Amino acid sequence: MKLHTLYRIRSILHLLLITGTFCSISYAQVNRALNYPQFIEKEVPNDPYLPIPLNNRITSPAYHFSTPRISTRQVNVDDAGLNIIGDAANEPSMAIDQKNPNRIMIGWRQFDSQLSDFRQAGFGYSPDGGATWKMNNPIDAGNFRSDPVLDSDSDGAIFYNSLSLNFECTVYKSTDQDKWDSGTYAYGGDKQWMAIDKYNKQGNNNIYASWSLNPNTCDQADFTRSIDKGRSYQKCISIPNFPTRGTITTGINGEVYVCGQYNGFTFSRSSNAGHANQNIVWDFSRQIDLDGGLIYYTGPNPRGLLGQPWIATDLSNGPNKGNVYILSTVFRVSKNDDADVMFTRSRDGGLSWSKPIQINDDSLEANWNWFGTMSVAPNGRIDVIWLDTRHDPGGVNSKLYYSQSLNGGVSWSKNEAVSPSFNPHLGWPNQMKMGDYFHMISDNSGAHLAWSATFNGEQDIYYSFIHADTLTNVRNFKNSDYSIATLSQNRPNPFSIVTTVNYQLKKLAYVTIDILDLSLTKSIKVIVQENKLPGDYVTSWNGTNSAGAEVPNGIYFFRFMIKGEPILYQKMILMR
């Protein structure tokens, strides 16, 4: 029997056990009877370190692609922006500088050679909002490191949580472009995750981390926090029900939410973790129904997870403020489907949860919908991506798919393929998996995604910006004005010399179109300012300011105004 089939049986039996159907059978007996390997791939080196000198590295052109929906750049490139042949990189995590959103960091598991599973704390840095990337030597180069997790605080610092030997975690801090400090010991264990509260006055810049119960550095304890901006981490404590292989986030009032899987999906909440002078108390824990369980060691990722559970909070001022969402790729219990992306929400801080719904809209049960990943924008939009094999029935070739919800997860946009197909079985670094997760961060105009794929015939790291369907507005607008105009996505995007944008008017109006910087507050150049009759129009921008000087590479916005009132925006990337 396949491992995922055994796991399906084990989990179904577990559901029967917790409902009392088999009161005389223990969970441990079921595990032993099925002999299911709960912990196969532990983060330890099996091969020696095989460094490849810089002057011996063979290169090829890096892989990039762009469509009106998505802009994608390869991240793990050399100083010349070229792909390095023969290495491997997977399991990326990312962070965006809260003071300078053009500064983005992505960390990953770096394998200098595909002949060895020895991995390091790789990272790449973009100074221009993802338009260009630079890869430096790994953090703590030459030493075994794995499971990268990145986040940022409200002061502009970026943190990199890295797992090392003996399942100890070190958190590195960067406040200057791509430079890191010497790191701070942060306890830890396998499959750690980290979240930083950058939204609440109480608990601002607190760092929270959780990890798997086995193996870890703290006996029967799986959580720590820092209340001094990462200078130290408190002694470990235990989370109820030991959520494993999951994620962590913060709420609108400084709550800490943790989700994972241990005897089913679990959720735990602490309402006082943000109070530095109080011992952390966990309010309660809940079993979460996603109509299935996590998937391990099968199909497109034979020695890894097919995704981890994600938890996120709506921090907007909209009608869904405070909602908590959980999403994961699961095998289904209610039907014979190996991998679906399932979603549930809570409107009361985790006390109760909605019936789970399926995000992927394919109908074939043999498809793999894996590495489901979720993030929530400041305006409340929920973004979800996953890898999908519906174009390769019975196979593993995958495309990146995207869907979004604008009403708190009640309904979802039609699934959309946003990448070419690739074979995830290529380029394994003496380890038959493409990592265990991707990572995504949403803003009001779209989603920033760090992910891995094999477009070059080997495992590489990519940064993508996925443009949201709705055009972002930073101020309230009149519905009557909004309905008379549309603004299309500019093309090309990214661009280097000139880019054009189409717009349509349904009635006579005084139109202004200008270019804004990333802050959405500084106007760079006005390109249209006149009365326009109803009709279709096109205008362009050549990457210069009002004085005719070239502006730096980075992210900019077209702003469309009627009678001086902003109603439509489009995001673009300038990359010379």
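What share of the contacts in the protein chain with a separation of 6 or more is accounted for by residues 24 or more positions apart? In this predicted model, such residues account for 58% of those contacts. The overall dimensions of the chain can be set beside this value. For 576 residues, a compact globule would have a radius of gyration near 25 Å, and the 24 Å computed for the protein chain agrees with that expectation. Along the principal axes, the C-alpha atoms fill a box of roughly 80 × 55 × 55 Å. The secondary structure of the protein chain comprises 3 helices and 40 strands.

Of the 576 residues in the protein chain, 60% are buried. The chain exposes about 21,700 Å², and carbon and sulfur atoms supply 50% of this area. With regard to charge, the protein chain carries 50 positive and 53 negative charges, the mean positions of which lie 5 Å apart.

The cysteines were examined next. A search of the whole structure finds 1 disulfide, which is formed by Cys 218 and Cys 236, with their sulfur atoms 2.0 Å apart. This pair links distant parts of the chain, 18 residues apart: Cys 218 lies in the loop between β14 (207–210) and β15 (223–226), whereas Cys 236 lies in the loop between β15 and β16 (247–250). A disulfide is, in general, a covalent bond between the sulfur atoms of two cysteines. Both partners fall under the 20% limit of relative accessible area that defines a buried residue: Cys 218 is buried at 9% relative accessibility, and Cys 236 is buried with a relative accessible area of 12%.

Two further cysteines, Cys 169 and Cys 259, can be considered in terms of the distances between sulfur atoms. Because a disulfide requires cysteine sulfur atoms within 2.5 Å, the sulfur of Cys 169 is too far for a bond, the closest cysteine sulfur, in Cys 218, being 9.6 Å away. Cys 259 is likewise in no disulfide, and the cysteine sulfur nearest to that of Cys 259 belongs to Cys 169, at a distance of 17 Å. As to accessibility, Cys 169 counts as buried because its relative accessibility is 1%, and Cys 259 is also buried, with a relative accessible area of 1%.

Technical notes:
Residues numbered from 1 in each chain as written. Predicted model: local features only at pLDDT ≥ 70, side-chain atom pairs only at ≥ 80, totals over all residues. Heavy atoms only, no water. Helix = DSSP H or I, 4+ residues; strand = E, 2+ residues; numbered from the N terminus. Buried < 20%, exposed > 50% of the residue type's maximum accessible area, 1.4 Å probe, protein only. Rg over C-alpha atoms; globule rule 2.2 N^0.38 Å. Contact = heavy atoms within 4.5 Å. Areas by Shrake-Rupley, 256 points an atom, 1.4 Å probe, with all protein chains shown as cover. Lys, Arg positive; Asp, Glu negative; His and termini not counted. Charge placed at Lys NZ, Arg CZ, Asp CG, Glu CD.
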